[in-house]
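Student: Please look closely at one part of this model, its loops, and then turn to the ligand and to one helix.

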Amino acid sequence: MISVNTALEHLLDLVSPLGVEEVPLAKAAGRVLAQDVTARREQPPFAASAMDGYAVNKAEVESHAMFKVIGESAAGHRFDGRVGPGQAVRIFTGAPVPEGASFVVIQEDVDRKGDLITILDQPGGHNIRPAGGDFKIGDVMSAPKRLTSADIALLASMNIPQVPVRRKPDIALISTGDELVMPGEVPGPDQIIASNTFGLKALLENLGASVRILPIARDEKPALEAAFNLAKGADLVVTIGGASVGDHDLVGQVAQDLGMEQSFYKVAMRPGKPLMGGRMGDAAMIGLPGNPVSAMVCGHVFLKPVVERMLGLPDGTTIQSTQLLQPLGANGPRAHYMRAVLTADGITACDNQDSALLSVLADANALLLRAPHDPALTVGADVSYMLI
Ligand code: AMP
Ligand code: MG
């Protein structure tokens with residue numbers, strides 16, 4: 001059995017960053033910027049007022065100074081003239097500061113009578129945003145980067161209507177098992193609802209993949225072959241279940257019959273031991289264990305970095321440490337990804353670590369990581385975890 005890290009290296013070797021496509025700015029949120037984008041304009045494009053007030057020459061600003069208002073500069077409509085000595089221009093937020101002016105007195109700091117204003121108190125800041133104060137021509141938004149709402153606003157301001165992003169990974173999900181039916185269907189007496197298929201779809205789509213749930217494959221070779229056929233064109237084919245060594249576990253065999261070059265099978269981890277990975281034509285293939293929690297944990301530990309690599313991003317998983325709030329017995333020979341609850345005080349492993357319990361997974365917000373053969377731990381021990 002190989003270690004989690006070795007398995008992850010094998011899986012990352014199966015994929016590479018996908019191609020680039022241009023999408024409209026309004027569709028770019030959450031996508032991964034694939035090429036550096038350069039500002040072709042500066043913002044603001046002129047010195048602009050930060051407040052509603054009066055534009056004057058800074059040298060004349062003092063308590064009780066008086067000015068004659070000679071015109072107005074509004075956002076979108078500049079004042080076409082020069083502000084001379086003793087003169088002021090009524091100005092509004094976002095409007096160009098007229099020539100000759102170098103200070104905006106906010107309207108609360110003046111007393112206006114007709115065309116005359118008098119400064120009441122010595123004002124503070126100049127209230128002018130310099131040209132290019134936000135960004136300048138040639139300023140770069142660097143790739144790769146998952147685009148946040150703030151990035152989208154910045155790109156819009158840079159006047160980038162089409163954004164170069166990584167193509168979304170096309171992932172086909174195949175659930176296998178005679179016992180499975182889809183949510184909403186009426187299960188027979190010996191059947192259960194396919195659950196982790198939907199959990200994985202949610203997890204993968206959140207990461208930026210485009211996920212197809214294929215019809216459930218029965219535990220027979222022709223059904224699995226048909227499912228793999230439907231998966232054609234995908235960048236990554238993920239099977240769920242049927243990967244152990246039981247009589248009905250046919251995934252590995254059928255995949256290999258269809259040309260899958262298996263790069264490994266079985267990982268020294270708990271949950272998730274029966275994991276397989278390989279190449280199948282143009283696609284990467286990952287076979288996940290069927291137990292719902294195993295599948296979801298493998299989703300966090302393996303599928304997430306694989307999707308990130310396809311998107312041209314570095315592995316974004318961060319392992320942090322905190323203190324243990326309960327004693328834990330020694331760990332066995334496999335790395336243990338314990339469902340756990342992280343609070344401000346530290347971390348507690350959930351009582352029941354059975355890999356079939358989705359309710360426990362839903363209560364957990366972290367996986368407490370225990371290395372193979374980790375000795376028994378006492379309260380207060382420093383432990384590693386990843387957020388889920
Ligand atoms: P298997 O790896 O096929 O032996 O499946 C292990 C366990 O996971 C069995 O109890 C299956 O019923 C269950 N299982 C497999 N696939 C799914 C699925 N998509 N949703 C929920 N449970 C599943
Ligand atoms: Mg099965």
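Tutor: His373 is placed in the loop between β27 (366–370) and β28 (382–387), where strands are DSSP runs of E of at least two residues and helices runs of H or I of at least four, both numbered from the N terminus. The model is a predicted one, in which local features need pLDDT of at least 70 and side-chain atom pairs count only at pLDDT 80 or more, whereas totals for chains, interfaces and linings use all residues. Residues are numbered from 1 along each chain as its sequence is written, chains are lettered from A and ligands numbered from 1 in the order in which they are written, and side-chain values use heavy atoms, without hydrogens and water.

Although His373 is not a glycine, its phi is positive, at about 60°. With a relative accessibility of 56%, His373 counts as exposed (buried is under 20%, exposed over 50%, partly exposed in between, with a 1.4 Å probe and protein chains only). Asn127, in the loop between β10 (116–119) and β11 (128–129), likewise is not a glycine and has a positive phi of about 60°. Its relative accessible area is 23%, so Asn127 is partly exposed. For context, most residues other than glycine have a negative phi, and most peptide bonds are trans.

Two prolines follow cis peptide bonds. The bond from Gln43 to Pro44 is cis, with omega near -10°, and Pro44 belongs to the loop between β3 (37–38) and β4 (48–49). The bond from Arg270 to Pro271 is also cis, with omega near -10°; Pro271 lies in the loop between β21 and β22. Lys273 is found in the loop between β21 (269–270) and β22 (276–280), and its 30% relative accessibility makes it partly exposed. From Lys273 to Pro161, 112 residues apart along the chain, the C-alpha separation is 47 Å.

Two further loops hold buried polar residues. Gln326, between β24 (320–323) and β25 (335–342), is buried with a relative accessible area of 16%. A polar atom of the Gln326 side chain lies 2.8 Å from the backbone nitrogen of Ala349. Ser355 occupies the loop between β26 (347–349) and α7 (358–363) and, at 17% relative accessibility, is buried. The side chains of Ser355 and Asn291 form a polar contact of 3.4 Å (N or O atoms within 3.5 Å, one able to donate a hydrogen and the other to accept it; neighbours in sequence count only through side-chain atoms on both sides).

The loop between β15 (170–175) and β16 (180–181) contains Glu179, which is partly exposed at 34% relative accessibility. Glu179 is one of the residues that come nearest among the 16 around ligand 1, together with Ser195, Asn196, Gly242 and Gly290; a residue counts here if one of its heavy atoms lies within 4 Å. A nitrogen atom of ligand 1 is 2.9 Å from a backbone N or O atom of Ser195, and a ligand nitrogen lies 2.6 Å from a side-chain N or O atom of Asn196. A polar backbone atom of Gly242 is 2.7 Å from an oxygen atom of ligand 1. Of the 480 Å² of accessible area that ligand 1 has on its own, the protein covers 79% (Shrake-Rupley method, 1.4 Å probe). β17 (192–193) and α3 (196–206) each contribute at least two residues to the shell around ligand 1.

Finally, the helix. 18 of the 19 residues of α6 are buried, so the helix is largely enclosed by the rest of the structure. Just after α6, Gly312 has a positive phi of about 75°.
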